[in-house]
Amino acid sequence: MAKIYEEVSRTFNEYLLIPRLTKKEHFPDEVSLKTPITRFRKGERPDIELNIPFTSAIMQAVSDDRLAIALALQGGLSFIYSSQSIKDQAAMIRKVKQFKLGFVESRYNLTKEATLSDVVRIKEKTDHSTITITSDGSPHGMLEGIITSRDWRVPQMDLSTPVVDFMTPFDNLICGEDGITLDEAYDKLWDHKLSVLPIIHGRTLSALVFRKDYDSDEQNPSALMDEKKSYMVGAGVNTHDYRKRIPILVESGADVLCIDSSDGYSEYQKDVIDFVRDSYGDRVKIGAGNVVDGYAFRYLADAGADFIKIGVGGGSICITREQKGIGRGQATAILEVAKARDAYYEQTGIYIPIASDGGIVQDYHVTLALAMGADFVMLGRYFARFEEAPGRRYRVNGNFVKEYWGEGSNRARNWARYDKQDSRQMTFEEGVDSYVPYAGPLKDNLTITLAKIKSTMVNSGCMSIKEFRKEATLTVVSQMSLNEGSAHDVILKEQSF
C-alpha cells in the first residue's frame with residue numbers, strides 16, 4: 001500500500017510567531033536581510049548573496065528586464081522567464097546588465113504618422129504621458145521630437161491631430177550626448193527647467209533621464225550589483241533546449257540560472273545540472289526545483305544544485321493540486337526541506353540555500369517562510385501587481401488591475417515546462433489566466449513589506465535572517481485564532497481617498 005504521512009500538510013495561515021525579548025539596542029533599520037543564494041562550504045562565503053531575501057518568479061507575467069532592474073535596485077534578483085526565444089531572453093538579460101541608473105530606455109514611442117488618438121491611448125493604458133517620436137517608432141530610432149502632458153489637452157484638441165503639430169520637434173529640444181554622466185544630465189535638467197532629457201548618439205535616441213528620478217542612486221543603497229557595478233540578474237532555463245540556451249544566456253551576462261519546472265525531483269534536472277558542471281565547472285551557478293520533501297532535496301543537492309526551490313501547487317494561479325492531486329502544504333514542505341538542508345550541511349559541510357516558491361499571500365507569510373528555514377522567497381503574484389511587471393493594466397469594475405497568468409496555462413504556451421515530448425499543445429492546464437489588483441511602483445510596496453519583516457524580526461529579538469531562523473518560535477493556530485487576530489466586533493469606518 002502507499003506510504004502515508006500522518007502529519008497534516010499545513011499552510012502559512014496555520015502558524016504565528018511567538019514574540020521574544022525585544023532589546024533596547026535593536027532597531028528595525030539596523031536589521032540585516034542579506035542572505036545567500038548559492039551553495040558554499042563551511043567557513044567560506046557564498047559567491048552570490050542577495051541584499052534582501054526576494055526573487056521574482058520565472059514567469060511571463062512577472063520577470064522581464066524592466067522588473068529585473070527595479071528589483072535589483074532594491075537588492076533582490078529577478079529570473080528572466082525562459083518561455084520565449086533564446087534571442088529575446090538574452091536581449092532582456094543584456095538590457096539589465098547594460099542599464100545605467102537614471103538612464104531609462106524610452107518605453108513609449110510613436111512615429112510622425114501617429115495622431116493624438118495614439119497618444120491618448122497610451123496615456124489611458126499606461127498612465128504615462130512622456131512619449132518620444134522616432135523615425136521608426138522604436139526606443140532607439142532617429143529622434144524626431146518628444147511629447148509630454150504639457151503639449152496636449154482633450155477635448156480642446158481633435159483626436160485626429162497629427163503628433164507633428166503639437167510635439168516639441170528635435171530642433172527645439174535640449175539633449176545630452178551619449179557618454180554624459182548622470183550628474184551632468186541632472187545639471188542640464190535643473191539648469192533648463194526640464195522634466196525629461198533625451199540622451200542621443202548623433203541623432204539616434206539612446207535613453208531618457210527624468211527629473212523625477214533625481215538622486216535615485218542615493219535612494220537605493222541596497223542595489224544588487226556585480227564586481228563591475230552592473231545590476232545582477234538571473235535567467236530561467238528548461239530541460240529541453242538547455243544545451244543551446246545556457247551558453248547564450250551565460251554569454252549575455254546572466255549571473256545565476258534556475259531550472260523552471262513544476263517537478264524538480266527529476267532525472268531531467270540532473271541532466272541539466274550535469275551539463276552546466278561539465279561545461280563550466282562551478283563558475284556558472286544554477287538552482288533547481290521544485291521539491292516538497294527531504295528525499296527530493298537530497299537528490300538535487302547531490303546532483304550539484306546551487307539552490308533548491310520548494311513548493312508544488314501552492315501558487316495563486318497554480319491548479320496542479322486540483323488537476324493532478326500532487327503537492328504539499330507550503331509550510332510543511334519548507335519545514336521538512338529545511339531539516340534536510342541542515343542535516344546535509346552537518347554531514348557534508350556544504351550549505352545549500354532553499355527558496356520558498358508559492359503559497360505566500362500576505363506580507364507576514366514571507367516572514368514565516370524565513371523563520372521556518374527558507375533563505376529567500378520567490379514570488380509571482382506579489383510582483384505581478386506592480387507598475388514594472390509586464391502584464392497590461394486594465395480598469396475592471398472601476399478598479400485598476402493587471403494581468404497575471406500561470407506558466408502552466410494555455411496562454412503561456414510554455415510546453416517545455418510541462419511536456420517531456422515535442423508536442424505543441426498541452427493535454428491539460430496547470431495554471432489559470434487572471435487579474436491581480438494594481439498596486440503601483442515596486443519600490444513603494446516592497447519598502448512597506450521589508451519594514452514589516454524587520455519589525456517582526458526585532459520583536460523576535462533577532463537582527464539577521466540566520467539568527468531569526470535559529471531563534472524564532474512558531475505556534476499552530478486555529479481558525480478562531482485567525483478571526484481573533486483581525487478587526488472584529490467593531491463597525492469599520494469607510495476609508496477616504
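Ring pairs link Phe 54, Tyr 382, Phe 383 and Phe 386 into a cluster, in what is a predicted model.

User: How many aromatic pairs does the structure hold, and what describes a pair of aromatic rings?

Analyst: A pair of aromatic rings is described by the distance of the centres together with the angle of the planes. The structure holds 14 aromatic pairs. In one of them, the ring centres of Tyr 345 and Tyr 351 are 5.6 Å apart and the planes stand at 85 degrees, so the pair is edge-to-face; both Tyr 345 and Tyr 351 are buried. Phe 383 is buried, its relative accessible area being 0%, and Phe 386 counts as buried at 0% relative accessibility.

User: Which ring does the charged end of Arg 393 sit over, and where does Arg 328 lie?

Analyst: The charged end of Arg 393 sits over the ring of Tyr 438, at 4.6 Å from its centre, while Arg 328 lies over the face of Tyr 5, at 4.5 Å from the ring centre.

User: Which residues of helix α3 are buried, and why do they line one face of the helix?

Analyst: An α-helix has 3.6 residues a turn, so residues three or four places apart point the same way. In helix α3, which spans residues 116–126, the buried residues are Leu 116, Val 119, Val 120, Ile 122 and Thr 126. Seen down the axis of α3, these buried residues fall within an arc of 160 degrees, so they line one face of the helix. They pack against the strands β7 (109–110), β8 (131–134), β9 (143–147) and β21 (393–396). Just after α3, Asp 127 takes a positive phi of about 70 degrees.

User: What is the order of the open sheet of 3 strands, and which strands stand at its edges?

Analyst: Strands of a sheet pair through backbone hydrogen bonds, and the pairing is either parallel or antiparallel. Here the open sheet of 3 strands has the order β11-β12-β13, with mixed pairing. The edges are held by β11 (176–177) and β13 (204–210), each with a single partner strand, so one side of each is left without a neighbour in the sheet. Strands β11 and β12 (residues 196–201) run parallel and are joined by 2 bridges; the bridge partner of Glu 177 in β12 is Ile 200. Helix α4 (residues 182–191) packs on the sheet, where it touches β11, β12 and β13, and its direction makes about 75 degrees with that of β13.

Note on methods. Residues numbered from 1 in each chain as written. Predicted model: local features only at pLDDT ≥ 70, side-chain atom pairs only at ≥ 80, totals over all residues. Heavy atoms only, no water. Buried < 20%, exposed > 50% of the residue type's maximum accessible area, 1.4 Å probe, protein only. Helix = DSSP H or I, 4+ residues; strand = E, 2+ residues; numbered from the N terminus. Arc of directions from axis to C-beta. Contact = heavy atoms within 4.5 Å. Phe/Tyr/Trp six-rings, centres within 6.5 Å; stacked < 30°, edge-to-face > 60°. Lys NZ or Arg CZ within 6 Å of the ring centre and 35° of its normal. Pairing = 2+ DSSP bridges. Axes fitted to C-alpha atoms, helices over the stretch in contact; angles between N-to-C directions.
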